Amino acid sequence: GVDKERIDRLKREIEGGERPADLPAKEILVLHDPEAEKSLAIVFFESEDDYRRGDAALNAVPVGEAPSRRTSVTKYEVVIRRAE
């Protein structure tokens, strides 16, 4: 249930405000499928400690304040990254 309005609000919050101190993310990438009203957030952390702090902060967000609900959390290591 992530519609365009929710994504627009999230975009304004992320681009217009300071990153919360309890979310020590190095980078945040949000993908959105407007037709399916689904989104995927990819959050990069510098260290395992930063990941734990960020995960705890995201878990603590009240459901009504989040742009969507967290349906799953999967942790991966970046092994290849190339930007043009």
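User: What makes R52 count as partly exposed?

Analyst: R52 has a relative accessibility of 47%. Buried means under 20% relative accessible area, exposed means over 50%, and partly exposed is in between (1.4 Å probe, protein chains only). R52 therefore counts as partly exposed. Before we go on, please note that this is a predicted model, where local features need pLDDT of at least 70 and side-chain atom pairs count only at pLDDT 80 or more, while totals for chains, interfaces and linings use all residues. Residues are numbered from 1 along each chain as its sequence is written, and side-chain values use heavy atoms, with hydrogens and water left out.

User: How do you know how many helices and strands the protein has?

Analyst: They are read from DSSP runs: H or I over at least four residues gives a helix, E over at least two gives a strand, and numbering starts at the N terminus. The protein comes to two helices and two strands, and along the sequence they follow the pattern α-β-β-α. The C-alpha atoms fill a box of roughly 30 × 30 × 25 Å, taken along the principal axes.

User: Why are E48 and R52 said to meet in a salt bridge?

Analyst: A salt bridge needs a side-chain nitrogen of Lys or Arg within 4 Å of a carboxyl oxygen of Asp or Glu. For E48 and R52 the N to O distance is 3.5 Å, so the pair meets the rule. The two residues are four apart in helix 2, and are therefore separated by about one helical turn. An α-helix has 3.6 residues a turn, so residues three or four places apart point the same way. E48, with a relative accessible area of 38%, is partly exposed.

User: What makes R53 and D50 a salt bridge?

Analyst: Their closest N and O atoms are 3.6 Å apart, so this pair also passes the rule. R53 and D50 both lie in helix 2, three residues apart, which is about one turn of the helix. R53 is partly exposed at 38%, whereas D50 counts as buried at 16% relative accessibility. Elsewhere, salt bridges that share partners join E48, R52 and K75 into one network.

User: How do you know that the salt bridge of E46 and K26 links distant parts of the chain?

Analyst: The side chains of E46 and K26 meet at 3.5 Å, N to O. E46 sits in the loop between strand 2 and helix 2, K26 sits in strand 1, and the two are 20 residues apart. E46 has 57% relative accessibility, so E46 counts as exposed; K26, at 55%, is exposed as well. By the salt-bridge rule the count comes to seven.

User: How do you know whether the length of helix 2 agrees with its number of residues?

Analyst: The expected span of a helix is 1.5 Å times one less than its number of residues. Helix 2 has 13 residues (48-60) and should therefore span 18 Å; its end C-alpha atoms are 18 Å apart, which agrees.

User: On which side of helix 2 are the buried residues, and how is that known?

Analyst: D50, G54, D55 and A57 are the buried residues of helix 2. They cover an arc of only 165 degrees around the axis, so they lie on the same side of helix 2. The arc is that of the directions from the helix axis to the C-beta atoms. The face turned away from the buried side carries the exposed residues N59 and A60. Strand 2 is among the elements covering the buried residues of helix 2, where contact means heavy atoms within 4.5 Å.

User: Why are L29, L31, L40 and I42 called a nonpolar patch?

Analyst: Patches are made of residues with over 30% relative accessible area and no salt bridge; nonpolar side chains (Val, Leu, Ile, Met, Phe, Trp, Tyr) are joined within 5 Å, and like charges within 9 Å. L29 has a relative accessible area of 35%, so L29 passes the area cut-off and is partly exposed. Together the four residues of this surface patch have about 310 Å² of accessible area, computed by the Shrake-Rupley method with a 1.4 Å probe, with only the protein chains shown counting as cover for residues. Strand 1 (25-33) and strand 2 (38-45) each supply at least two residues of the patch, and L29 is found in strand 1.

User: What share of the protein counts as buried?

Analyst: Of the 84 residues, 14% count as buried. The protein exposes about 7200 Å², and carbon and sulfur atoms supply 50% of that area.
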